[in-house]
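Visitor: Before we begin, could you take me through this model by setting each value against the definition behind it?

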Amino acid sequence: LPPLLLLALAVAAVWYWQPWRDKTPAPQYRLGKLEAGRLSAAVSASGTLGALVTVQVGSQVSGQIAELYVDFNAPVKRGQVIARLDPEAFETRVAQAQADLRAAESAAQMARDNLTVRQAELAKARIALDEAGRNLERKKALVAQDFLSPAELDSAQAAFDTAREQVRLTEAAVRANTAQVTNAEAIVAQRQAQLRQAQVELAHTVIRSPVDGVVISRNVDVGQ
């Protein structure tokens, strides 16, 4: 065959087959049953694990550790009791504060009772003074009319002066008792504050977790 014809046949064959064309295979399908389920994704990485927030938990009072309820890696909830101090000394302080408060309340009640008595005595003394004053005025009138002797007037004047002095003394006693009541009530308030303080310290022997989390360190042991 002539060379030109052979060249034409080669070009036609190449054009027909097109080996450079990207032949995409036909799509393949796989059938399956539709079901509900969970999708999970996992990420693998290396590094150092650290707490987002670290809280140091301690005691607000000094004492000996009596009980420990958690240890390293233990999960805890906020408000959970994690340790207790020996409460004996703190319970004694509470009992002593309660006894002091009862004694102070008793003293305050006694002071109020004494004040009530003195106030009653003052009222009685004022009535006696009024009576002595009226009696003195009557006898002055009778002496002026010569119906009584001057000695009777002197006796009436002495009784009036005595009644007046008794009122003065009783008023001073009322003021003193009033001051005693004020002081006794102040002592009661002080004893109440001491009792509250002792109760707060007793409550602090129970150590609670302030947050939700995991224990990452424990630096104390029972008996420490």
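Visitor: How do you know that the length of helix 3 (residues 150–203) agrees with its number of residues?

Guide: The expected span of a helix is 1.5 Å times one less than its number of residues, so the 54 residues of helix 3 should span 80 Å, and because its end C-alpha atoms lie 79 Å apart, the two values agree. Helices here are DSSP runs of H or I with at least four residues, strands are runs of E with at least two, and both are numbered from the N terminus. The model is a predicted one, in which local features need pLDDT of at least 70 and side-chain atom pairs count only at pLDDT 80 or more, while totals for chains, interfaces and linings use all residues. Residues are numbered from 1 along each chain as its sequence is written, and side-chain values use heavy atoms, with hydrogens and water left out.

Visitor: Which residues of helix 3 are buried, and what do they pack against?

Guide: Among the buried residues of helix 3 are Ala-156, Phe-160, Ala-163, Val-167, Thr-170 and Val-174, and the buried residues of this helix pack against helix 2 (88–144). An α-helix has 3.6 residues a turn, so residues three or four places apart point the same way. Over the chain, buried residues make up 19% of the 224 residues.

Visitor: Why is Thr-205 called buried?

Guide: Buried means under 20% relative accessible area, with exposed over 50% and partly exposed in between (1.4 Å probe, protein chains only); Thr-205 has a relative accessible area of 3%, and is therefore buried. Thr-205 lies in the loop between helix 3 and strand 4 (206–208). Leaving aside neighbours within four places in sequence, Thr-205 is in contact (heavy atoms within 4.5 Å) with Val-61, Ala-83, Arg-84, Leu-85, Pro-87 and Phe-90.

Visitor: What does the side chain of Thr-205 reach at 2.5 Å?

Guide: That side chain reaches the backbone oxygen of Leu-202 at 2.5 Å.

Visitor: How do you know that strand 3 and strand 4 pair?

Guide: Two strands pair if DSSP finds at least two bridges between them, and strand 3 (residues 81–85) and strand 4 pair in the antiparallel sense over three bridges, with Arg-84 standing opposite Val-206 in strand 4.

Visitor: What makes strand 1 and strand 4 edge strands?

Guide: The open sheet has three strands in the order 1-3-4, with antiparallel pairing; strand 1 (65–68) and strand 4 are its edge strands, as each pairs on one side only.

Terms used:
Polar contact = N/O pair within 3.5 Å; in protein donor to acceptor, adjacent residues only side chain to side chain.
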